[in-house]
Amino acid sequence: MTDEYPKISIRNLHKSFGSKVVLNGLDLDIWPGESVVVIGGSGSGKSVLLKCILGLIEPEDGSIAIDGEDVIGMPPKERERVNRKFGMLFQGAALFDSLSVWENTAFGLIQAKGMASQAARPIALEKLAQVGLGPEVASLFPSELSGGMKKRVALARAIATEPEIVFFDEPTTGLDPIMGDVINDLIVKTVYDLGATALSITHDMASARKIANRVAMLYQGQIIWIGPVDEIDHSSNDYVDQFIHGRAEGPITMQVRA
Amino acid sequence: MPVLAAIGRVVLAFLGATGRLTIFALTGLYHCVRPPFYPRLIAHQMVEIGYYSLPVVGMTAIFTGMVLALQSYTGFVRFNAESAIATVVVLSMTRELGPVLAGLMVAGRIGAAMAAEIGTMRVTEQVDALVTLSTNPFKYLIAPRLLAGLLMLPCLVVVADIIGVFGGYIISIYKLGFNPATYVKNTWDFLKTVDVVSGLVKAAAFGFLISLMGCYHGYHSKGGAQGVGQATTNAVVSASILILAFNYMITALFFGT
């Protein structure tokens, strides 16, 4: 792939649920090899954005192009081929309960790439080692793991197929600050090792500063600010300032329902 | 016109749900016959549905057969028609009670389990995770369950028929003092192939419906533990009602004039 196309190019994306408009003409370009972090408050539509790109939610209007290919309305077969470029770390890890740790890690290799399970096991163990998990964990089941370990296994699973694009959905939510930082380090390292493009969504600024090349702020269904991570403190954007300093007062008013 | 609007809303919601369910069923069937297949998952579901439901279906069948013999005796003895008991037992079991009771028991056991399992996978994003790992949830989760339901319920009903008839036999011989040879002869003489076949067709339809309801409600569950609980209830209730409705329709197809 050349650098002529953005890896992911989103134009004028619209999505609402009933009368609630979640994405309202969102534009975003992500270039090959960079790590973009989308920040925004809870319920601002960050997850919906990821799910639209993955094809889990159908947007009402707009276009999403992956490597220059428009993926909206693509036939399922084609869509599956494009989805093979993706790896995703889910917020709650989303490990398969019925499968052991190594089977979870090897899932993409066995199911999507048709690898035999004997061949996939050593690769799974290697990926688990990359996220700091030893072979003694491999035959445990997800229910026997701590939150931080689950995230690591989920990370190993997301990178096992060596995807070109990796999505991270709130990678540090629910972890203590130290484990959160460990996961951030692992994300930076694994994405760098893969040479992959990364798109993360988070409301954890420490995490955003660590893993981002560029930061985009999502507010009211649009990207209201995007820029390199070092400029985020001098964005001269009141919304961004309020968010990164976590102030209750400011232009952003949280919808607090009774 | 608030009344008309309310009626319209209900009708539209009903039609929408019917359409969604039909599309879901057709998509599921399509993935049953298109590769890739997951033979290990199908086998796992077949064991889960077929083998592990044997005790509950067997218990249901034997008590049903026993009570049929007992009840028809108390009725028929007034008309000196005791010899019809064997026929009543075997026809009721194969045509109606075998498939319907096995279906209802399996709906409670399997439909609930499927809805809970797939529902939990849905709310914990495991279903989405399948998609990101290039695995079609319909192929991986739903098709094996539909196939297993379709194939295993008829097997369970064959077992239920045999055990039920045997239950009737035990009561007739050891409690009501019938002649064993005559009882067996009466059982066979009035049993036609269509009685068993219609029962097995029903069983296949019920098995499909149970899996379909379990998968459909699980797949569309939302909102955490409460949503999964709701999905489980809906799966069992809708499967049970559909079993009874389809039972009537299939009976009318086979035996209606």
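## A strand pair in chain A

S16(A) sits across from V21(A), a residue of β2(A). Strand β1 of chain A covers residues 8–17, and 8 bridges tie it to β2(A), with the two running antiparallel. Strands here are DSSP runs of E with at least two residues, helices are runs of H or I with at least four, and both are numbered from the N terminus. Two strands pair if DSSP finds at least two bridges between them.

This is a predicted model, where local features need pLDDT of at least 70 and side-chain atom pairs count only at pLDDT 80 or more, while totals for chains, interfaces and linings use all residues. Residues are numbered from 1 along each chain as its sequence is written, and chains are lettered from A and ligands numbered from 1 in the order in which they are written.

## The sheet around it

Zoom out, and you'll find an open sheet of 4 strands in chain A, ordered β2-β1-β4-β5 with antiparallel pairing. β2 (20–30) and β5 (69–70) of chain A are at the edges with a single partner strand each, so one side of each has no neighbour in the sheet.

## Over to chain B

Chain B has 9 helices and 0 strands. Its C-alpha atoms fill a box of roughly 65 × 55 × 35 Å along the principal axes. Of its 257 residues, 46% count as buried, meaning 20 or more other C-beta atoms, placed from the backbone, lie within 10 Å of a residue's own.

## Where the chains meet

The contact takes 16 residues from chain A and 10 from chain B. Residues are in contact if their C-beta atoms, placed from the backbone, lie within 7 Å.

Note on methods
Contact = placed C-beta atoms within 7 Å. Buried ≥ 20, exposed ≤ 12 C-beta atoms within 10 Å, placed from the backbone.
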